[in-house]
Amino acid sequence: MQSILNSTILLDTAAVAPTVKQNILNILYMFGSISFIYGIKMLGKPETAKRGNLIAAVGMAVAIFGTIFLYENEGKALGNHIWIFAGLIVGTVIGTLMAKKVKMTGMPQMVSFFNGMGGACAALISLVEFNHLSHAGNFNDAEPLHLLIIFLGLVIGSISFAGSMIAFGKLDEKIKDKTLPLQQVVNIGLLLVILVIAFAASFDMITNPNVLFLILGLSLIYGVLFVMPIGGADMPVVISLLNSFTGVAAAMGGFLYDNKVMLFGGILVGSAGTLLTVVMCKAMNRSLTNVLIGNFGGSKAAAGEAKSMNGSIREVSISDAAVLMKYSKKVVIVPGYGLAVAQAQHVCHELEQVLEQEGVEVKYAIHPVAGRMPGHMNVLLAESNVSYDKLVEMDDINPEFKTTDVVLIVGANDVVNPAAKTDPASPIYGMPILDVEDAAHTIVMKRSMKAGYAGIENELFYSPKNRMLFGDAKKTLTELVSELKNI
Amino acid sequence: MEQLLAFLSDNQLMVYLVILMIFLGIELIEKVPSVLHTPLMSGANAIHGVVIIGAIIIMGQADNLYATILGFIAVVLGTLNVVGGFVVTDRMLEMFKKKKK
């Protein structure tokens with residue numbers, strides 16, 4: 001087993017006199033690393049994203065098959081090829097089936113699930129490597145840094161696995177939010193305990209090999225406690241964070257085996273994932289600490305609720321709404337979380353087509369955090385064949401509301417709440433919103449008067465220009481479409 | 001402490017490499033439109049599946065039942081991460097193709 005302090009960790013591989021096979025493998029790893037960098041870069045632009053994903057996948061395949069056939073450690077090639085291929089085939093079949101079968105609305109939890117699998121994989125590697133050491137004698141004989149890397153891989157991998165599974169359950173609405181008393185103190189304390197044990201065991205202060213299972217157990221518990229209190233709507237941020245955790249866990253494997261492609265891929269995802277997390281927080285106008293610690297609708301929401309609402313709510317019938325829209329010049333649809341939940345994207349597209357046949361201009365206003373993840377709404381609408389250029393981002397659509405006759409808000413709430421601009425006491429104050437109140441009419445489609453995710457009232461509902469259309473988004477839209485066809 | 005300093009100085013190139021990779025990762029993400037956040041996260045998710053190489057190595061070196069079983073599970077889970085990750089990303093991006101008018 002190569003030690004972390006072994007000279008091979010340096011870039012001068014000449015010291016170990018590599019074989020031809022190893023030299024080829026190193027080149028293949030180089031190719032893999034570059035394909036990851038290039039792949040991520042291309043994923044950042046809509047035109048090249050698909051190709052970028054493909055390039056990274058090819059790089060990955062090259063690295064995997066290169067490892068199987070060319071990897072040598074101390075002159076010994078890898079054996080157990082049947083087992084390896086069996087594992088690859090089983091994983092490929094299950095993975096492809098799951099990925100192909102999942103509905104577009106279920107994408108976020110699927111990402112979380114696969115992320116958890118990567119974390120578990122990293123943790124298992126650490127378990128086996130530790131077992132190697134303790135079989136060879138006392139595990140404390142190994143270099144402290146070597147041990148520390150094994151432990152860190154285990155800790156991060158387990159946290160990522162447990163956390164991702166909870167996030168998966170929450171997004172699938174199988175697990176509810178739960179906060180224990182003193183949750184934050186418990187969490188931070190537990191994390192410290194885990195790290196102290198890992199360090200102590202690495203530096204010969206703990207000699208019982210069962211410490212491995214203690215670390216494993218505590219890390220799994222921490223993963224669960226870490227995600228448990230975080231609200232369902234914040235899950236994308238958490239998944240992105242756990243994603244970067246798994247990246248770091250993979251990088252630990254890279255250190256362990258002095259494997260550059262694992263190190264590159266891992267670190268790259270670790271840093272890119274962390275930044276992506278921060279960027280996503282920014283798009284939601286929240287700080288990362290706020291997401292991880294704060295309960296959004298908690299204490300501050302009271303201020304918003306206390307504010308009495310002037311005016312009254314006016315409902316509109318389906319036929320009136322249909323007439324209003326039919327004789328408009330321009331209609332903007334604001335899709336939100338409710339549309340995604342009701343799976344109403346297809347009938348929404350139908351509505352758009354019917355209106356266009358009547359000569360009405362139809363556009364979609366996409367708030368950066370509409371749906372369950374940034375960009376999720378675009379994916380959902382694109383799935384139901386809504387043309388890409390009809391999806392207008394917030395900054396571009398906002399000036400257009402002044403010339404819009406009807407804004408149809410389907411299952412969105414906080415992203416159209418004017419309190420974000422007018423009420424400094426509101427918890428969402430400062431969040432960029434869609435200026436729908438500039439339009440001549442607004443129609444809000446909602447299941448009930450229940451407050452949105454932020455737990456606050458929406459002034460817009462009480463505006464004289466606004467009409468409410470209560471009911472399930474899919475059902476109401478369907479009725480609206482048939483009404484439009486009839487008149 | 002002395003050990004740590006010696007380690008850092010012995011592995012300077014590695015340390016430089018890691019630092020540069022961190023900056024590169026940040027640089028790559030910085031100016032991505034929010035539309036692409038979800039596919040990008042999913043793509044990055046597939047890339048950290050590179051951890052499967054570690055799983056293949058332990059599987060290939062396994063000489064006892066414990067390592068064989070855990071190694072096999074690790075290979076399966078790692079493959080799930082890689083294959084599932086890339087396929088899901090591809091399906092998402094399928095939606096972004098320019099529609100013909």
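Guide: A:Asp204 lies in the loop between α6 (183-202) and α7 (211-227) of chain A. Helices are DSSP runs of H or I with at least four residues, strands are runs of E with at least two, and both are numbered from the N terminus. The model is predicted: local features need pLDDT of at least 70, side-chain atom pairs count only at pLDDT 80 or more, and totals for chains, interfaces and linings use all residues. Residues are numbered from 1 along each chain as its sequence is written, chains are lettered from A and ligands numbered from 1 in the order in which they are written, and side-chain values use heavy atoms, without hydrogens and water.

A:Asp204 is not a glycine, yet its phi is positive, about 65°. Its relative accessible area is 42%, so A:Asp204 is partly exposed (buried is under 20%, exposed over 50%, partly exposed in between, with a 1.4 Å probe and protein chains only).

A:Asn385 also has a positive phi, near 70°, in a residue other than glycine. This residue sits in the loop between α15 (376-383) and β5 (391-393) of chain A.

Now helix α12 (residues 318-326) of chain A. Its buried residues are A:Ile318, A:Ala321, A:Ala322, A:Met325 and A:Lys326. They are on the same side of α12(A), because they cover an arc of only 130° around the axis (taken from the directions from the helix axis to the C-beta atoms). An α-helix has 3.6 residues a turn, so residues three or four places apart point the same way. The cover over the buried residues of α12(A) includes β3 (330-335), α14 (345-357) and α18 (473-486) of chain A.

Notes: Contact means heavy atoms within 4.5 Å.
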